Amino acid sequence: MGAAAEPVVEREREEEEEEVRERNEKREEEMEMETEVVKVKDLEKGEVGLEGEEKLVHDNNVNNGEDFQISMMQRLNPTNPLRVLVQNSTRVDTPSPSQFSQHSTQPRFTPTPQPSITTLNSRAYTNKISLFLFLVHMVAAIGLVGFLIYKGVQGILQASDIKRKEMKILKFYIPQVEASSLLSITLAFAWQKALREWPKIMVPFILWSSFLLSLSAGILLICFQKPSTDGVGVCFIAFAIGNGLYACWVTQRMGFCSRVLIKALEPVSKFPDINHPIYLMLGVAFIWMSLWILAVIGALNFYLPPLIIILLVLSLAWTAEVMRNVANITVSRVIALYYLRGMQSSTQFCFQRALTKNLGSACLGSLFVPTIEALRIVARALNLLEGEDEFMFSCAHCCLNVMQSIFRYGNGWAFVQIAAYGKGFVRASQDTWGLFERQEIVPVVDADMTSSICFLTGVCSGSICVIVAAAWTARVHQSFTATISLLVFIIGYLMTRIAMAVPHACVGCYYVCYAENPDNRLFDKTIKDRVHMIQSGRDVVVPTPRLPRRYTT
């Protein structure tokens, strides 16, 4: 009987194994049907399919004999690393020990490392050498100004010819200069407010006002009939003639410049405190210029006064440019984060970052950008004068070669990427110009008038200060007229340029952020339509001169 029962037991065991095998095959088929490719629609890049690696992990619960299927995890979305997709877990039958061991021996899935995303919160200091040089310069400038103020006070206390000379300067020199500083601050905010409110009207108004005001200042100085005032007046008239020719030359570009300003200044209304850094910069500039003027008076009571005054002027110009670029970087970071990430960041934090981590780039850019702008003017002039003359041909060839290189390694558009990504000045210049070339908007950017408008706004303020101060000085002490005219022009120009950093930075962010992501919903078709018109020949721009084609063949 035992022998007869053994075939029955073996037959039942084979039937149970067959049932287990069929059940396992059925379960695997169901699991394969449940596995699917998940697609995620990203907000910025469109629809992105998340395919490839997928894995099921099983956990055998010894106490209750149940098996849970942990949902498949797809690869992280490269545009949003925080997005993880989890499916609903389903109950399945307990696998056999052999199948469980088969699953446990499979290798674990290791996700493929994703490329790192450029950080917007870099903590590294940029251009440290330039930062160190600027700080050394400021220590030396503060020491020199303090020493010269001491020499000026010492000269006043002594009973000598120096005392009479310095008292005369204080009486007939200081009031006009201080009044011009306050007037220039008022004009700076007036120009900025008007340009923000009525850009379509203010673009041609600034172009022709700078021509008329500089011409008027030159004529007024010539009317005093003194050699010094005649020389300064001729310079103003010569600049006015060039300014008028430029205004005629860019007449066709005024409409596009106005449209870009209107669109670029739209985000400013979302940040009511965006002018707070400008207030602080202008306040510091006013205090520093007041001390600087006293130092100029003290230089008259020291060795080599002309050389010392020239050094003081160069120091003031660099310091004022750094202040302007700090304001530029602050506004650029606020607006760039709005365009790139839709963030409304704190203006105060952006200002603190510009004063610390990005200050080195502001110092380096303050030396390079004015030089680049001057070379642009020289290159345009040589390009117009170039003819059959061999000397002019060689000069134009050399200057255009320099321009081709310098615009790639140093340009004013770099401040946007310095502010947004914390890059150094040279690298930011290269990356920014590369973006422009990739999006084929170099002709549009190269013909932009915003920097010229901001420059001519400073000329307008400086010319108004010259007219007021020259008329005042001619009434009280005419021999000081030429010196005071030059000084108040510099003060009026520098003060206004600091305030005009807001529209300048907004336009820079508009171009650079568009080049980085043209499909952003915050941008319209203004730049795209302009590029199509230039490529189709329906619109002609006069770009910054580059190397002519005959030189490259």
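Me: First one: what share of the 553 residues in the protein chain is buried?
Reply: Buried residues make up 45% of them. Buried means under 20% relative accessible area, exposed means over 50%, and partly exposed is in between, using a 1.4 Å probe and protein chains only. Bear in mind that this is a predicted model, where local features need pLDDT of at least 70, side-chain atom pairs count only at pLDDT 80 or more, and totals for chains, interfaces and linings use all residues. Residues are numbered from 1 along each chain as its sequence is written, and side-chain values use heavy atoms, with hydrogens and water left out.

Me: OK. How many helices and strands are there?
Reply: The chain has 21 helices and five strands. Those are DSSP runs numbered from the N terminus, with helices being H or I of at least four residues and strands being E of at least two.

Me: Let's take helix 3. How far does it reach?
Reply: Helix 3 covers residues 128–157, and its 30 residues reach 43 Å from first C-alpha to last, close to the 44 Å expected at 1.5 Å a residue. The expected span is 1.5 Å times one less than the number of residues.

Me: And which of its residues are buried?
Reply: Among them are Leu-131, Phe-134, His-137, Met-138, Ala-141, Val-145 and Leu-148. In general, an α-helix has 3.6 residues a turn, so residues three or four places apart point the same way.

Me: What's the phi of Asn-127?
Reply: Asn-127 has a positive phi of about 45°, although it is not a glycine. Most residues other than glycine have a negative phi. Asn-127 sits in the loop between helix 2 (97–104) and helix 3, and is partly exposed at 21% relative accessible area.

Me: Switching topic: how do helix 14 and helix 15 pack?
Reply: Helix 14 (residues 414–421) and helix 15 (residues 425–438) pack at about 115°, with their axes 8 Å apart. Axes are lines fitted to C-alpha atoms, for helices over the stretch in contact, and angles run from 0 to 180 degrees between N-to-C directions. The two helices are therefore roughly perpendicular to each other. For that label, 65 to 115 degrees is roughly perpendicular, under 35 roughly parallel, over 145 roughly antiparallel, and the rest oblique.

Me: Which residues meet there?
Reply: From helix 14, Ala-414, Phe-415, Gln-417 and Ile-418 meet a set in helix 15 including Phe-425, Ala-428 and Leu-435. Contact means heavy atoms within 4.5 Å.

Me: Helix 10 packs on helix 14 as well. At what angle?
Reply: About 70°, with the axes of helix 10 (residues 305–341) and helix 14 being 8 Å apart. That makes helix 10 roughly perpendicular to helix 14.

Me: On to Ile-453. Is that one buried or exposed?
Reply: Ile-453 is buried, because its relative accessibility is 1%. You'll find Ile-453 in helix 17.
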